[in-house]
Amino acid sequence: MAESRTDAPAERHRLAALRHLWPFLRPHRALAAGWLLFLGLSSAATLSLPVAVRQMIDRGFAAHDPALINRTFLALFAVALVLALATAGRYLCVTLLGERAVAALREKLYAHLVRLDVGFYEGTRVGELVSRLGTDTELVQALIGSSVSVALRSAVMVLGAVGAMVWTSPRLAGLTTLVIPAVVLPIVVFGRRVQGLSRHSQDRLAETSAIVNETLNAVHTVKAYAREGIESERYAGAVRRALAAAQRRINARAALTAAVIVLVFGAITLVLWAGAHQVLSGALDAGVLGQFVLYAVLAAGSVGALSEVWGDVLRASGAMERIGELFAQQPAIASPPRPTPLPRPTRGEIRLEHVEFRYPTRSELPVLHDFSLHVRPGETVALVGPSGAGKSTVFGLLLRYYDPQRGRITLDGVDLKALALDELRGALALVPQETVIFGASAADNIRFGRHDADLAAVEAAARAAEAYDFIAAQPGGFDAPLGERGVRLSGGQRQRIAIARAILKDAPVLLLDEATSALDAQSEASIQAALERLKRGRTTLVIAHRLATVQRADRIVVLDGGRIVAEGTHDSLIRQGDLYAELARLQFAA
Ligand SMILES: Nc1ncnc2c1ncn2[C@@H]1O[C@H](COP(=O)(O)OP(=O)(O)OP(=O)(O)O)[C@@H](O)[C@H]1O
């Protein structure tokens, strides 16, 4: 994720970020109401305890009345019972509320992220997003499930206890009020610092996830270059930075807690000392002072708890702020509000008209200039050219990963920007150079092409892609998992699965990025045969690296530096000499 986005100063937004949570809490109003009800009950029960103590001191002990003592103790037990049930009820409601809200938050965040455009992912490390979805949402869950609960309970207790203090002894309460600002102010100031540090610490943590994600996903390369030591060191460095950030956060939290306790208990001692003198002079009953003390301790304990969870609340609001930023990201590429439908049946006619394109992440480098190409329905056009010529970029534009800055691209006469993205991409079947295999069964991997296809259709596609035999031969057949990223398959097998996917998709336009890796003659032959079957009756654009492919193409388009420099058949281009003849000599020599 771009640094500027992550580190944007958000001092002003502090708790406002928590508003993003509201839509996820709203559907669970009943749980929230239950929580508040139980909270009220348990607070009332706690607040009534000191009254019993006062009864005992002033009436029971002083009047030597055993019956009153008995009644008081019975009442005490009843109150404890209410307290126990209400506390359990409160815990149940608020924990469920947290779990449900965060489950919905995760679902929505993932659905949002997966819809963001390719450009967003080029500027973002996926590991960081994984951390946002995992760690940050966990923080938010802890916030709802516990911190907010404790905070609210403490706040209610502070209010209740303070009210009870005023009711018990207005004079002592008045004295207490004088010292409150001295207690509250430092908490607020320190709390801000803790939030800033929390956010910093979460960001460092997200960086460590990004490194793990990158390197463990490319573990073969890491090993091939014997980078284990270097990568471990790089990760250790990130972990140490995260630790240092956490250390600063913890220090600030510890200092905050200590400061709060000193301030609060200092204030209580001061008030008590004044109260004790009043009892001595006969201006106050001992029982009243006892009750007041208990309320003061309750209030102080709750302020302490409040300050402790306040740090958590700020930490979670930092996490929510980052989640809010992700929600605020809008895909640069989206379906228009009122899309034009593609003509049916779709013929697969493609036109690029005077297209100018630069990648958003490298706006200084023009990649395609004044690029015009017409591909007729059913035609097979091979794109050839040196590395970096812009061949894959043409595919990216057709798939609308990006929009060109100038010119337009049409499919069956409709501007791509006027089409619904699903419809556009539904009309194109891509066989990429690097096949992506998901950690699922062969059948599900092929079904990536059409998720509702039945097994018969999947098997037929596998047959057409020459993939049936090797899939059926493995134990478990089509239902056996292929291993994460298809590690158990050979390159040629992965490619045939990708072809089966495209066959199953049955789209009118085929975008084929031929693998450059050398395959053995038999794989090559079976892949070619599969591709020939796939191309039949479809418009095909192929980034060609093989002689067989260019020879079978209806037309070859030679790209260089983002322009079309020649067009024709293999033979006519060879006769012309120039770049194509050179490329053919180097690339298709085999
Ligand atoms: N996502 C991207 N962001 C920025 N620049 C890019 C991106 N992808 C490609 N480029 C640049 O655009 C130019 C064209 O790249 P492209 O991938 O289209 O070339 P190609 O002809 O497909 O090359 P190859 O045969 O090596 O795959 C190159 O200069 C490349 O550096």
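## Basis of the model

Residues are numbered from 1 along each chain as its sequence is written. Because the model is predicted, local features are given only where pLDDT is at least 70 and side-chain atom pairs only at pLDDT 80 or more, while totals for chains, interfaces and linings use all residues.

## The four-stranded sheet

An open, antiparallel sheet is built from four strands in the order β2-β1-β4-β5, where strands are DSSP runs of E with at least two residues, helices are runs of H or I with at least four, both numbered from the N terminus, and two strands pair if DSSP finds at least two bridges between them. Strands β2 (366-375) and β5 (414-415) stand at the edges with a single partner each, so one side of each has no neighbour in the sheet.

Six bridges link β1 (residues 350-358) to β2 in the antiparallel sense, and Arg351 has His374 in β2 as its bridge partner. Helix α11 (residues 391-398) lies across β1, β2 and β4 (406-411) and runs at about 110° to β1; such angles, from 0 to 180 degrees, are taken between N-to-C directions of lines fitted to C-alpha atoms, for helices over the stretch in contact, and contact requires C-beta atoms, placed from the backbone, within 7 Å.

## The ligand shell

Among the 13 residues around the ligand, those that come nearest are Tyr359, Ser387, Lys391, Ser392 and Thr393, a residue being near if its C-beta atom, placed from the backbone, lies within 6 Å. Helix α11 gives the most to this shell, with three residues.

## The six-stranded sheet

A second open sheet, with mixed pairing, has six strands in the order β6-β7-β8-β3-β9-β10. Its edge strands, β6 (428-431) and β10 (563-568), each pair on one side only, and neighbouring strands are turned by 20° against each other on average, direction ignored.

Strand β9 (residues 555-560) runs antiparallel to β10 and is joined to that strand by five bridges, with Val557 partnered by Glu567 in β10. Helix α20 (residues 578-587) packs on the sheet, touching β3 (380-384), β9 and β10, and its direction makes about 80° with that of β10.

For helix α6 (residues 126-168), 43 residues at 1.5 Å a residue should span 63 Å, which agrees with the 59 Å between its end C-alpha atoms; the expected span is 1.5 Å times one less than the number of residues. Helix α6 bends by about 45° at Leu143, the bend being the angle between axes fitted to the seven residues ending there and the seven starting there.

Helix α7 bends by about 40° at Val179, and Pro181 follows within four residues.

Conventions
Contact = placed C-beta atoms within 7 Å.
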